Amino acid sequence: MLSRLDVQGFLRRALNPVKRLVSAWWRRQSPSRQDRFATLGPLLSVVLFLAAIVSAFWYLRNEELEREAEAVKRDTEMAQQQLRTRLIENEDQLAALQRDLSNRAIDNLEFTQRAMNLARNRPEITHITWLNQRRERKVSVAAIGEQAESLMTLDGTDPSMPNGHAGSEPEKAFQTARDRRMRTYSLPFADANNTTVFQLQLPLSDRTGFTGVLIAEYSIEGLLRYAMPNDASSKHALAVLDSRDQVLASTVTAMPGKHIARAPINELAPMTPVPGLVLRGQGYRTSIGLISNTLFWMVMALSVLTVWMLLGTWKHMRRRAQVQNALAAETNFRRAMENSMLTGMRAMDLETRISYVNPAFCAMTGFAESELIGRKPPFPYWPPDRYEENLRLLQQEMQGRSPAGGSEVKVMRKDGSIFDARMYVSPLIDPKGKQNGWMTSMTNITEAKRVRDQLSASHERFTTVLEGLDAAVSVLSVQQGELLFANRSYRLWFGADPKGHAMLAGSQLTGTTSKEPAFDSDEEVDDYGGLPAQHLTEVGGDSREVFIAQLDMWFDVRARYLQWTDGRLAQMLIATDITARRHAEAQQQQQAEKAQVTSRLITMGEMASSVAHELNQPLTAISNYCNGMVSRVRGDNIQKDDLLAALEKTAKQAQRAGQIIHRIRAFVKKSEPQRQPAFAASIVEDSVELAGIELRRRNVQIHTYVAQRLPVMRVDPILIEQVLLNLLKNAAEAIDNAALPPSRRHIELRVVPKHTADLGANIEFSVTDMGPGLPVEVIERMYEAFFSTKADGLGIGLGLCRSIIESHQGRIRAENLYNGPSIVGCRFAFTIPVDIPRPEPTGAGTAHNTAATP
């Protein structure tokens, strides 16, 4: 056997290669990395130790939870078995009472005595009731004696009584027991005392069939109290839940106003044979948890303290290395920045001696650094003819009275050339807050000055052009509400007040720096204020028409956002006077409205004979009824009921005539076009009612189809009715003039939803007749003004119809219907756009057939 020394020697020889590899790797690392590894090693060991302690505590805690879960499961199952045994024992005793009742071996008195004994021995049973097949109570016994006469009766309000309603749980159990002839448990419900109970119903039968049921009602709370084993209820909280996980009864009762916290351990078991009930057992940990363990916190505190100290050491070492690296980088950066910047830098001490210049300063003046360091005024880059001026500016700078915007000076290069420069002077303060000199920055502005002069000349030319425009041009600052520019036309109409800009823009831009608001308009604040100017200036201008009441003028306003010369976001408006054009458009609109009213009057004039015939029928009926009643009254040969019936018929005929006149008056009444929500079915109904007079005179039938669930249109209903009536009247005239047979004397009016690429969602109205159709040359010219195929036509009907439809952003078209080469009819259709993303499914529409009789 190997001795201890041999084993140690073997291990030493085996570990030597590893030690050499580690030593070689360690020597290859830089000192900073060695310091980092030396700090992270102890830190890692402390973290591993802390992880091991936490894992051990966690393992012990999980073991405890598993033991407690097993105990809860065991006690819950034991309680489930105890409750099931109790219910089965009760079933056996009730089954004996069921058999005696079925065999008629006992009477009501004996039943009462046996039921009372059973209820006293089983306090979970609230009452035992005997009902016949008609749900009539024969005997009802509780543990405290017989119940009140008003309970457990068909006329009572006891929810425990099967009452014939399908929603009652006792009724469902009664029907199940009656139909299946087997004992049945009901679902839990609330009895008259608002106590959650369930029933066991045992069917009674004899040779004649079903004779009733024996009902035993259980209190869930009583069952949990008297049938639950003490060992299980004393160790764990047990509760009975319904199908919705609501607690019906529990061995633990919460204090008033308190809520029982949910236990971490739960075990569920079905409460057979009762349906819909679940027994739940709950358990809690009894020992101190991981968070409450003092030993754990002591180990944690020591570990955290060690880690904190190691981290502090590591951060200190890291901070020192970072400071060293930052110092070197800052020095190199400053030197590179000074050498690469285009602005000349010059430093002077308190005696106005130059102590530093950067390469850019030397490149601007042409003098080397050695030629400038240590020099005192006058400096070599001062022009000889400006010594006194430059010396005065230098003394002003030394006194701290240098202009905030810098001083513009002339600088002479070493070769004698002159350039313009701007110098900014500021005190040079050391880290202790003491001034030890002055720092000057110099920028060559020769090219910038030339560009500025050119821009100034260009601005004068641009301003001259804007002043000569007839349109008002204004520019307003968005944030401050300040009027930045206004041309002559703007000043002529609005003066120098930014309120005019706001009225034209339709928004309120309130100044943030002025003492008073820029204006007190009621419009809203500009929504673009404060947004990035770059994105707003890329957006094109919009155009809108604005009416200014103070001037009684209309303006076409174009607005866009731009970035002002100082970087501020501004809004530019160009307002052109369009008052004359608006007046012309208003006159044109009035002429169109007059044409529409004239068209409706012409239509009614053409239908005058039909209207007269339509009114003659109810008026003739009224005359006949009145003459008949007068004759019978004079002969004293009329009863009161007959007189009332005749008066009612007379009133109906008068109402009929009044409706015809009201419909015609509403159609021809002159009114302003009014867009309003309207339904296609109502418009079709009114149009067909008006057109029916003409259709019946010409012996033409009309069939209408209106799809269901059509979207709401926003139109002028009278104008759309005018279009439909014109199309229906034209179709009826075409059929009548062609003397077509009855099989072709009908018109079809359809209203269906559509969706097209150019109009989107719309509703299509179509009028189809079986007439002779239209020639091709008529279809091409039928919308022309004063073109008509009728001998007495004015030629404005179809043109006006197209104007009405196009004013509603719709389209109208006409086409012939062919059967081979023969024309078998004509179809006029127009569409009205609606505001929905997609058309509704057409579905099953509502069809109406109206037979026109002469």
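**Surface and burial**

I began with the accessible surface of the chain, which comes to about 50000 Å². Carbon and sulfur atoms account for 54% of that surface. I note here that this is a predicted model. I then looked up burial: the chain has 854 residues, and 39% of them are buried.

**Secondary structure and contacts**

I looked up the secondary structure and found 21 helices and 29 strands in the chain. For contacts I took residues at least 6 apart in sequence; 58% of these contacts join residues at least 24 apart.

**Nonpolar cores**

I went to the largest nonpolar core, which has 47 residues. M713, I747, F765 and F830 have the most contacts inside this core. Which helix gives the largest share of this core? I found that helix α19, residues 717-737, supplies ten residues, the largest share.

**I735**

I picked I735, a residue of helix α19. Is I735 buried or exposed? Its relative accessibility is 0%, so I735 counts as buried. Leaving out residues up to four places away in sequence, I listed what I735 touches: V700, L740, R744, R745, H746, I747, D769, M770 and G771. I also checked I735 against N699, which is 36 residues apart from it along the chain. The C-alpha atoms of the two are separated by 9.6 Å.

**Positive phi**

I turned to backbone angles next.

A739 is not a glycine, yet its phi is positive, about 50°. I found A739 in the loop between α19 and β25 (746-756). With a relative accessibility of 62%, A739 counts as exposed, because the cut-off for exposed is over 50%.

T352 has a phi near 60°, also a positive value in a residue other than glycine. I placed T352 in the loop between β12 (344-348) and β13 (354-357). The relative accessible area of T352 is 16%, so T352 is buried, the limit for buried being under 20%.

Most peptide bonds are trans. I noted two cis bonds here.

The bond from T272 to P273 is cis, and its omega is near 5°. Where is P273? I found P273 in the loop between β10 (265-270) and β11 (278-283).

P377 and P378 are joined by a cis peptide bond too, with omega about 0°. P378 lies in the loop between α9 (369-372) and α10.

The largest cavity has a volume of about 150 Å³. Its lining has 13 residues, and W382, N390, E397, V409 and M423 are the closest to its centre. The elements that give two or more residues to this lining are α10 (387-398) and β14 (407-412). By residue type, I found eight nonpolar, two polar and three charged residues in the lining of the largest cavity.

How values were computed: Residues are numbered from 1 along each chain as its sequence is written. This is a predicted model: local features need pLDDT of at least 70, side-chain atom pairs count only at pLDDT 80 or more; totals for chains, interfaces and linings use all residues. Side-chain values use heavy atoms; hydrogens and water are left out. On a 1 Å grid over the protein atoms alone, a cavity is a set of points where a 1.4 Å probe fits but cannot get out, and a pocket is an open set with protein on both sides within 12 Å along at least five of seven lines; lining residues have an atom within 4 Å of a point. Grid points are joined across faces, edges and corners, and a volume is the space filled by probe spheres set on the points. Helices (H or I, at least four residues) and strands (E, at least two) are DSSP runs, numbered from the N terminus. Ala, Val, Leu, Ile, Met, Phe, Trp, Tyr, Cys and Pro count as nonpolar, Asp, Glu, Lys and Arg as charged, and the others, Gly among them, as polar. A nonpolar core is a set of buried Ala, Val, Leu, Ile, Met, Phe, Trp, Tyr and Cys residues joined through side-chain atoms within 4.5 Å. Buried means under 20% relative accessible area, exposed over 50%, partly exposed in between (1.4 Å probe, protein chains only). Contact means heavy atoms within 4.5 Å. Accessible areas come from the Shrake-Rupley method with a 1.4 Å probe; for residues, only the protein chains shown count as cover.
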